[in-house]
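Let's take a walk through a protein model together. Have the sequence and the 3D view ready, and look up each residue as we get to it.

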Amino acid sequence: MKIAVHFPVYKRPRIRNIAMDALDRVRGQFLEHGIEMEVCVIGDDAGLAAVCKKRNYIHYEVGNHPVGRKFEMGLRYMLRHMQFDYLMEYCSDNILRNDWADKMAKELKAGRAWVAHAAFYIVDSKTGQTHLFSGRGQSNVGRCTSRKLVEACQKHRGHCYEYELMSGLDACFRTNISRCTDQLTFLLKSETPMIVDIKSEVNINTFRGFANKPDRFPPTEVVGDFPELSQLKPFNF
């Protein structure tokens, strides 16, 4: 089994490198289950090609605007040039929990066509303040979709991501895929979130936007083993 990672990046090199360290850990964990993982980094940041070469990632160079075009062009490149069974979405400001790969591997080996997780921690990179996203859909981070579903969407909809979008790409993908299948997303179960979303000054959805709605996104603390989180100063005890 092989997973291809759709990994758009934009600025924030320090946080991006933390996300890449976390992804490299996940790649090693998947190998223990006999699952290969190949990463395609999508973007045109200065020096990005060299970073990808060092980490043995594929680099697809494309501009950031509009973001929907960037996501879709990267996806089409992957479908043309990469062999894989599952597409995995990932972002340049996230960390997956240390047991995430074990849980995901189990479901993929069971033949699930579409697997995601519904909750994540929203962490301010400067202060460490944390809020909870839960019970409001699902996260695209780590979401794995069978290649057959992706190809069906491309065939029937002509795209998975709307070209003109500057935000809402995760929901756009989910909506388009759902229109091409009768399958519901299988959600990984966990008492606490398995994803950390690191917010900085360069984010479409800012930390303050969540913090200002404590009834919807209550303040909390990170629970669980997220090894790379210690690279953030507020968590470097």
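A residue is called buried when its relative accessible area is under 20%, exposed when it is over 50%, and partly exposed in between, using a 1.4 Å probe and protein chains only. Before we use those words, keep in mind that this is a predicted model, where local features need pLDDT of at least 70, side-chain atom pairs count only at pLDDT 80 or more, and totals for chains, interfaces and linings use all residues. Residues are numbered from 1 along each chain as its sequence is written, and side-chain values use heavy atoms, with hydrogens and water left out. Helices (H or I, at least four residues) and strands (E, at least two) are DSSP runs, numbered from the N terminus.

Let's start with helix α2. Which of its residues are buried? They are Leu 48, Cys 52 and Arg 55. If you look down the axis of α2, these buried residues fall within an arc of 70 degrees, so they line one face of the helix. (The arc is that of the directions from the helix axis to the C-beta atoms.) Turn to the other side of α2 and you'll find Ala 50, Lys 53 and Lys 54, which are exposed. The cover over the buried residues includes α1, β2 (36–42) and β3 (58–60).

Now see how α1 sits against α2. The axes of α1 (residues 13–31) and α2 (residues 48–55) come within 12 Å and cross at roughly 25 degrees. Here axes are lines fitted to C-alpha atoms, for helices over the stretch in contact, and angles run from 0 to 180 degrees between N-to-C directions. That angle makes α1 roughly parallel to α2. The label comes from a simple scale: under 35 degrees counts as roughly parallel, over 145 as roughly antiparallel, 65 to 115 as roughly perpendicular, and the rest as oblique. The crossing is right-handed. A crossing gets that name if the near helix is turned clockwise from the far one by less than a right angle, and it's left-handed if the turn is anticlockwise.

Which residues of α1 and α2 meet? From α1 come Arg 16, Asn 17, Met 20, Asp 21, Asp 24 and Arg 27, and from α2 come Leu 48, Val 51 and Arg 55. Contact here means heavy atoms within 4.5 Å. By class, this contact has 3 nonpolar, 1 polar and 5 charged residues. For the classes, Ala, Val, Leu, Ile, Met, Phe, Trp, Tyr, Cys and Pro count as nonpolar, Asp, Glu, Lys and Arg as charged, and the others, Gly among them, as polar.

How do α3 and α5 pack? Their axes are 12 Å apart, at an angle of about 120 degrees. The two helices are therefore oblique to each other, and α3 passes α5 in a left-handed crossing. On the α3 side the contact is made by Glu 72, Leu 75, Arg 76 and Leu 79, and on the α5 side by Arg 147, Val 150, Glu 151 and Gln 154. Those residues divide into 3 nonpolar, 1 polar and 4 charged.

Let's finish with some backbone details. Most residues other than glycine have a negative phi, and most peptide bonds are trans. Lys 11, in the loop between β1 (2–8) and α1, has a positive phi of about 55 degrees. Lys 11 is partly exposed, at 44% relative accessible area. Asn 56 has a positive phi too, near 65 degrees. You'll spot Asn 56 in the loop between α2 and β3, where it counts as exposed at 61% relative accessibility. Finally, look for the cis peptide bond that joins His 65 and Pro 66, with omega about -15 degrees. Pro 66 lies in the loop between β3 and α3.
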